[in-house]
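Have a look at the model below before reading on.

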Amino acid sequence: MSPADTIKAPRLFAAEPARPGELAPAFRLIFQRLPEEEREGRVRRALALLAQGELCAEGVLVVRGEGALRGALVCVPLAGASGLVWPPQVVGADGDIVEDGLVRAALAWLRCRGAKLGQALLLPSEAHLAGPLERNGFRRVTRLVYLKHPLEGPGEDAPPALALTYETYTPANRDAFHDTLLRSYEYTLDCPEMDGVRTVEDIVAGLKGQGGFDPERWWLALADGRPVGVLVATAVEEWDGWDVAYVGVVPEARGQGVGRALTGRLLRAAREAGAAQVTLAVDERNTPARGLYTRLGFEPFDERDVYLAFYT
């Protein structure tokens, strides 16, 4: 264990990776607010994710007391120079001190693994859990609205109002794709706080990390041979659907129907592939995109508040 893996909280407490025998108790503490039956199901699921390598045991951080755990937190490195942090759960006295030690340890641990920002996604009903995050560098930036399109019936899914051609992601157009992707972040209404924090290589790595990478679902849109937008989708086997990981349009081509054309093409391709639904997430502040998705038949089904911590 390196010095960065142990962050001492003020006074008495230190946060460290859980030992093997502490993993199940740590998850029980993390899910302590749930009814027992649901809590035990979540614990089993978390332990299964550890066994499958989808969670890293070193990212399960605990603060130990006399004979029992005082607090626990999970942090997950993500592809693309970021990391996910769950709010800490604690028991006993000096709870704020234990919480602060856990959050600071999580941020330090993620930073040592290349993260440039930490993020937490909370249900609106979980806002009361955000205190330890906000005391230690996180701030709430927006709410994500999750939408789905059921793809029922034949449907036309908005024939494009302009003529575009499309290329899938290949070594030949890699540079053009990356440049268009990066330029689509300029003046974006989707989490603009993240613009400029990561390199285009970080962004691409993050997109590839969202499910199985399939270049046939990475599309570069061109108008008269000029790149104007990109769309990245992934297949989600759990619910027999596709998820839109990203859709973006370069500044000079916005308002011309490029986003509509890209999304319509995606819906047609997903239906032709036999997908049951298409899902995506949009920043609640992005009124134009939300209006477009509503007109195309997307329906809201979930929400998450986004908390971000940036490394300086």
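This is a predicted model: local features need pLDDT of at least 70, side-chain atom pairs count only at pLDDT 80 or more; totals for chains, interfaces and linings use all residues.

Residue numbers count from 1 along each chain as its sequence is written.

Start with helix α5, residues 174–183, and helix α6, residues 200–208: their axes come within 10 Å of each other and cross at roughly 95°. Angles from 65 to 115 degrees count as roughly perpendicular, and α5 and α6 are therefore roughly perpendicular to each other.

Who makes the contact? On the α5 side there are H178, L181 and L182, and these meet V200, I203, V204 and L207 of α6. Sorted by class, the contact of α5 with α6 has 6 nonpolar residues, 1 polar one and no charged ones.

## Strand β11 and its partners

Next, go to strand β11, which spans residues 226–236. This strand is mostly covered, with 8 of its 11 residues buried. Strand β10 (residues 218–223) pairs with β11 in the antiparallel sense, over 6 bridges. Strand β12 (residues 241–249) also runs antiparallel to β11, and 8 bridges join these two.

The hairpin of β11 and β12 has 4 residues between the strands, and D240 in the turn sits at a positive phi of about 50°.

## Aromatic pairs

How many aromatic pairs does a search of the whole structure find? The count is 10. One of them is F27 with F31: the ring centres are 6.4 Å apart and the planes are at 15°, so this pair is stacked. F27 and F31 are both buried.

Y185 and Y246 also form a stacked pair, at 5.2 Å centre to centre with 5° between the planes. Y185 lies in the loop between α5 and α6 while Y246 is in strand β12, so the pair ties together parts that are 61 residues apart in sequence. Y185 and Y246 are both buried. If you like clusters, Y169, F177, F213 and W218 form one of the aromatic kind.

G241 has its place in strand β12. Buried or exposed? With a relative accessible area of 4%, G241 is buried. Setting aside neighbours within four places in sequence, G241 is in contact with T234, A235 and V236, as well as with A275, A276 and Q277. For a sense of distance, G241 and E284 are 43 residues apart in sequence and 23 Å apart in space, C-alpha to C-alpha.

Q119 belongs to strand β7, residues 117–122. Its relative accessible area is 16%, and Q119 is buried too. Which residues does Q119 touch, not counting those up to four places away in sequence? They are L78, S82, G83, L84, V85, F138, Y307 and L308.

Notes. Side-chain values use heavy atoms; hydrogens and water are left out. Axes are lines fitted to C-alpha atoms, for helices over the stretch in contact, and angles run from 0 to 180 degrees between N-to-C directions. Angles under 35 degrees count as roughly parallel, over 145 as roughly antiparallel, 65 to 115 as roughly perpendicular and the rest as oblique. Contact means heavy atoms within 4.5 Å. Ala, Val, Leu, Ile, Met, Phe, Trp, Tyr, Cys and Pro count as nonpolar, Asp, Glu, Lys and Arg as charged, and the others, Gly among them, as polar. Buried means under 20% relative accessible area, exposed over 50%, partly exposed in between (1.4 Å probe, protein chains only). Two strands pair if DSSP finds at least two bridges between them. Rings of Phe, Tyr and Trp (its six-membered ring) pair if their centres lie within 6.5 Å; planes under 30 degrees apart count as stacked, over 60 as edge-to-face and the rest as tilted.
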